[in-house]
Amino acid sequence: QVQLVESGGGLVQAGDSLRLSCAASGRTFSMGWFRQAPGKEREFVSAITWSGSITYASDSVKARFTISRDNAKNTAYLQMNSLEPEDTAVYYCAGKRMGTFVTVAGVDYWGQGTQVTVSS
């Protein structure tokens, strides 16, 4: 069982940036991020495979967020720029042994979540 540990969340103002990190205890083919706002379902944000193939949830996310990974460190990153109050959520790191994912059902491993709060 691979353990995922997120870090980097916090309270920022609209327009600020944050970088989330997710460290895996072992190799995962795909790593990525979901987020869950209060009263809403967990939604896909972005994923990246071992070879660097990237998926973003939407053009809006793609325009402001950048996912990357360091395979030597088994760590994925989510650089979030131009943050908006609508980005406020708990951000969960996700991992999958083989293949990639865009849905909750496609994930093999979950982190504990890190809170991102964007004030207006």
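**Entry 1. Tyr92**

Which residues is Tyr92 in contact with, leaving aside its neighbours within four places in sequence? I looked this up in a predicted model. The contacts of Tyr92 are Glu6, Gly32, Trp33, Phe34, Gln36, Arg42, Trp110, Gly111, Gln112 and Gly113.

I then noted where Tyr92 sits: it belongs to strand β9, which runs over residues 89–96. Its relative accessibility is 14%, and because buried means under 20%, Tyr92 counts as buried. I also checked its distance to Arg35: the two C-alpha atoms lie 5.8 Å apart in space, although 57 residues separate Tyr92 and Arg35 in sequence.

**Entry 2. The protein as a whole**

I next recorded the secondary structure. I noted the span of the C-alpha trace along its principal axes as about 40 × 25 × 25 Å.

Burial and contacts followed. I found that 43% of the 120 residues count as buried. Of the contacts between residues at least 6 apart in sequence, 56% join residues at least 24 apart. The exposed surface comes to about 6000 Å², and carbon and sulfur atoms supply 48% of it.

**Entry 3. Charges**

I counted 11 positive and 10 negative side chains. The centres of these two sets are 9 Å apart.

**Entry 4. Arg35 and its partners**

I returned to Arg35, whose relative accessibility of 12% places it among the buried residues. With which residue does Arg35 form a salt bridge whose closest N and O atoms are 2.7 Å apart? That partner is Glu43. Glu43 counts as partly exposed, at 39% relative accessibility.

Arg35 also meets the side chain of Asp87 in a salt bridge, at 2.9 Å from N to O. Asp87 lies in the loop between β8 (75–80) and β9, whereas Arg35 is in strand β4 (residues 30–36), so the pair ties together parts that are 52 residues apart in sequence. Are Asp87 and Arg35 buried or exposed? I recorded both Asp87 and Arg35 as buried.

**Entry 5. Glu84 and Arg64**

I looked up a further salt bridge, between the side chains of Glu84 and Arg64, with an N to O distance of 3.9 Å. This pair links distant parts of the chain, 20 residues apart: Glu84 is in the loop between β8 and β9, and Arg64 is in helix α1 (residues 59–64). I noted Glu84 as partly exposed, with a relative accessible area of 32%. Arg64, by contrast, counts as buried at 11% relative accessibility.

Finally, I traced how the bridges connect. Salt bridges that share partners join Arg35, Glu43, Arg64, Glu84 and Asp87 into one network.

Technical notes:
Residues are numbered from 1 along each chain as its sequence is written. This is a predicted model: local features need pLDDT of at least 70, side-chain atom pairs count only at pLDDT 80 or more; totals for chains, interfaces and linings use all residues. Side-chain values use heavy atoms; hydrogens and water are left out. Helices (H or I, at least four residues) and strands (E, at least two) are DSSP runs, numbered from the N terminus. Buried means under 20% relative accessible area, exposed over 50%, partly exposed in between (1.4 Å probe, protein chains only). Contact means heavy atoms within 4.5 Å. Accessible areas come from the Shrake-Rupley method with a 1.4 Å probe; for residues, only the protein chains shown count as cover. Lys and Arg count as positive and Asp and Glu as negative; His and the chain ends are not counted. The place of a charge is taken as NZ of Lys, CZ of Arg, CG of Asp or CD of Glu. A salt bridge is a side-chain nitrogen of Lys or Arg within 4 Å of a carboxyl oxygen of Asp or Glu.
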